[in-house]
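Here are a few notes to go with the model you asked me to look over. Have the sequence and the 3D view open as you read.

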Amino acid sequence: MNKWLSPRSAFGITLIVVALLGLPFVAAMGGQAWVRILDFAILYVFLALGLNIVVGFAGLLDLGYIAFYAVGAYAWALLASPHFGLHLPIWVILPIGAGLACIAGVLLGSPTLKLRGDYLAIVTLGFGEIVRIFMNNLNAPVNITNGPQGITLIDPVAFGGFKFSGTTQVFGYALTGPMKYYYLLVALAILVIIINLRLQHSRIGRAWQAIREDEIAAKAVGINTRNIKLLAFAMGASFGGIAGGVFAAMQGFVSPESFSLMESIMILAMVVLGGMGHIPGVILGAVLLSILPEALRYGVGPAQMALFGKQLVDPESLRMLVFGLALVLVMRFKPAGLWPSPERKRELGEKRMEVAK
Amino acid sequence: MSANVPTTLLEAKAVAKHFGGVKALRDVSLTIRRGEIYGLIGPNGAGKTTFFNCMTGLYVPDGGGFVFDGVPLVADAPHQAAERGIARTFQNIRLFGNMTALENVMVGRHVRTRAGVLGAMLNNAATRAEEAAIRQRAMDLLHYVRIEDRADDLAKNLSYGDQRRLEIARALASEPKLLCLDEPAAGMNATETAELRELIEGIRRDGTTILLIEHDVKLVMGLCDRVAVLDYGALVIEDVPAVVQKDQRVIEAYLGA
Amino acid sequence: MDIFLQQIVNGLVQGSIYALVALGYTMVYGIMGLINFAHGEVVMIGTLVTITVAGSLIKAGMPVALAALAGLSVSLLLCMALGWGLERIAYRPLRNAPRLTPLITAIGMSIVLQNLAMMIWGRNYLTFPALLPKVNFELAGAHFTFIQVVIVLLSGATMAGLLGLIYRTKLGMAMRATAQNPAVASLMGVNINRVIAAAFVIGSALGALAGVMVGTYYEIAHYQMGFMLGLKAFTAAVLGGIGNLAGAMLGGVLLGIIEALGAGYIGDLTGGFLGSHYQDIFAFIVLIVVLMFKPSGLFGEKTGDRA
């Protein structure tokens, strides 16, 4: 294998690195709100790639992914906020959050992974709702989650004395909180991209693909399908837990509202719309679907004013309407996603025929 | 073969299986010896594939069981069968269609390799070495079944005969002691069948015991050392081809009594 | 004992509504393997249309019974058209697409319908006009209303009618055949497009009826009401064994009763630790437990692996 990059790809990578480094400064020109949107876009890339292991690689339809994110977020919120008076360092909380999410994944997955795809979907969906309802109601008789009010004043991510909230001066540049989080998130996203790439072309990755293709044949060649599926499920859950922790720290606030079914659906939509199992596609899907609703938020209102001179319809619902239509249209004209992997495109094209058999 | 290795590789003991009221297998007992090519024949619906599926763990027998290589086989654990050394092909070819031929065989190495998630994530030297070995072995097997030039084609784009070969290569990748072929000659023309026969004989020569389910009685009689005949889920006879061929009950079963 | 009986009555009423909605999910799923996420929105639109039509007719001075009938008819027809349109425009082009594609489309349609409804009817809760007289009965310590009786009887009759349609008519036979094996059914001359369209139209009609019942029962409606209702109904369908009509009916009723009993007794069961606001989790916990022990649902057919 070639150890050195060709000049062309080296140039490409340099370009991407420069763009990634400079992006928050460009966004900051439009205000810190845009940097925050960028942060969320990257966070969603991370989440979507975590779910991609479950849905894209192992072919398991998980509609409750947000529950693991919620577990991670609440783990951070409870262990690093005035709510319980605990302020544990990141080295302790993040592994706990990921570990709890992983355990939740295993607990949910081990009895249910033998179910048919669509049943798994509804079970995971139900699980997501259960988690949310518990977070909403576990404020009495013992106040654990503080109910619908959520938990506030959560500690930011901090390494030693370096906090990710607030503005710091670095080499004469003023780095705002959102900008610092941006770089942290980019680093995390790159990590998860590398992990995704390596898994895909590994012994385990092949086993996942084999299960997706033909579960019986996979069993016959000696793959312990249940364990291998559980592995995907638990890994996806752990990534969800990590993302949740970072989310809680970044926001400084969590409440059950952030973990609705709609969020699970959104992340699934990112994976499918982008092109399941295809890492660049999933990244594209995550960036598009996180930026698009925000862009619409800023675009729809003013556009109406310009066209009609007044707000004809509520911009919020118009924005979601456009979003829903976009989902429908993309699926109609790009059924395998916007950027599917070459094989996946063909493979998925024939799945329905087999079902019809 | 050294003297202290027992000659019996697989022993089926009174295996029974029914689906609802239908008795697909009635206490079938048979013995496969090390190094032989063992044929299992019978009319359509005689229970051949059911027997296969019980043995490879896809079905759980309702009675009886199997002893493989001196140790009982655990029912309901297909992946363990492969681990123990039983590999199979399917009557209606079951390849991983959207993986390349090479990848299919690489998947077949699953039970003989170790790398887990951690290894994949770290991509350390041991993982890389194992991965290279998997690839090399898979390539060798493709060469062995003579489809190495199709290595990078998607399995589903291979010709029918090549798909059969690929399935055999995938099965061999798990280094089986017993290779079970479920109607490998189905749908093949005379030339392809002759080539298949050569391949099977080669595999046996290289030390793998073979269980062959076949419809093509001529192929079975010519190729197998011993043959068992199933009819209505029950074993009719188990003997060398010359005897089986002349058995009145077998003739009746095939001609319809 | 009183609470028990009362909760059984309440559960039966809620369950009948779940059952009607669940049938829409199960028919579509049985025939084309699609979770029609937008079905809950069809129910919601059925409710809101009835509010507008019946409400304005009553205001215009029409007798309530007549206005109710008009509202129901308009809502039924509109929802049937909506169901037909959904299938024709959104799902049919995706018949051979990857499995998750129509699911995302369904989610997209659900978002579209919800926000359209919000634009039309606004964000606020709407009051459902009183279409049935408010009469109370008491039997063996349980209170129930005329509305509850009507809901149970009407859904029972509707479901009996549906079973008749599926098992006694040619269209029903075509639907069953398609559910078994679309390829063979089409070889036998079944018009698959027609069958699928029929499943959507019938399911939507049942959904509209359920929507009107929900509105009459709870006397309020909202553009987001379809979501949880749809989710529960789908759960009921899976509970009963998805694709199975009788399963959806029984699953719906069972879920309603379990929920009502759960809500009534959860406080006692957990020593006051969990309150009745945990009602919504019962559906899912029961579902998970049932599927663990009976992976194809309570009344579902076993789908064995074939080697």
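1. Which residues does B:Ala155 touch, not counting residues up to four places away in sequence? They are B:Leu95, B:Phe96, B:Gly97, B:Met99, B:Thr100, B:Ala101, B:Asn104, B:Gln163 and B:Leu166, where contact means heavy atoms within 4.5 Å.

2. Before going further, a word on the ground rules. This is a predicted model, in which local features need pLDDT of at least 70 and side-chain atom pairs count only at pLDDT 80 or more, while totals for chains, interfaces and linings use all residues. Residues are numbered from 1 along each chain as its sequence is written, chains are lettered from A and ligands numbered from 1 in the order in which they are written, and side-chain values use heavy atoms, with hydrogens and water left out.

3. Back to B:Ala155, which you'll find in the loop between helix H5 (125–144) and helix H6 (160–172) of chain B. Helices here are DSSP runs of H or I with at least four residues, strands are runs of E with at least two, and both are numbered from the N terminus. B:Ala155 has a relative accessible area of 0%, so it is buried; that word means under 20%, with exposed over 50% and partly exposed in between (1.4 Å probe, protein chains only). From B:Ala155 to B:Met221 there are 66 residues in sequence and 31 Å in space, C-alpha to C-alpha.

4. Two of those contacts, B:Ala101 and B:Asn104, are also among the buried residues of H3(B). Helix H3 (residues 101–108) of chain B is mostly covered, with seven of its eight residues buried. What do the buried residues of H3(B) pack against? The partners are helix H7 (203–213) of chain A together with H5 and H6 of chain B.

5. Chain A has a buried loop residue to look at too. A:Asp62 is in the loop between helix H2 (32–57) and helix H3 (66–79) of chain A, and it counts as buried because its relative accessibility is 1%. A polar atom of its side chain lies 2.8 Å from the backbone nitrogen of A:Gly64. Such a polar contact is a pair of N or O atoms within 3.5 Å; within protein, one must be able to donate a hydrogen and the other to accept it, and residues adjacent in sequence count only if both atoms are side-chain atoms. Leaving out residues up to four places away in sequence, A:Asp62 touches A:Leu51, A:Val54, A:Val55, A:Phe68, A:Thr124, A:Phe233 and A:Leu268.

6. Is A:Ser290 buried or exposed? It counts as buried because its relative accessibility is 9%. A:Ser290 sits in helix H11 (residues 279–308) of chain A, and its side chain reaches the backbone oxygen of A:Ala286 at 2.6 Å. Apart from neighbours within four places in sequence, A:Ser290 is in contact with A:Ala41, A:Tyr44 and A:Met270.

7. Finally, the transmembrane annotation. An unreviewed UniProt entry lists "transmembrane region" for chain A at spans including residues 41–61 and 181–199; such annotations may be inferred rather than shown by experiment, and feature names are shortened, with positions in the numbering used here. In the model, residues 41–61 of chain A are 81% helix and 0% strand, with end C-alpha atoms 23 Å apart. Residues 181–199 of chain A are 100% helix and 0% strand, and their end C-alpha atoms lie 27 Å apart.
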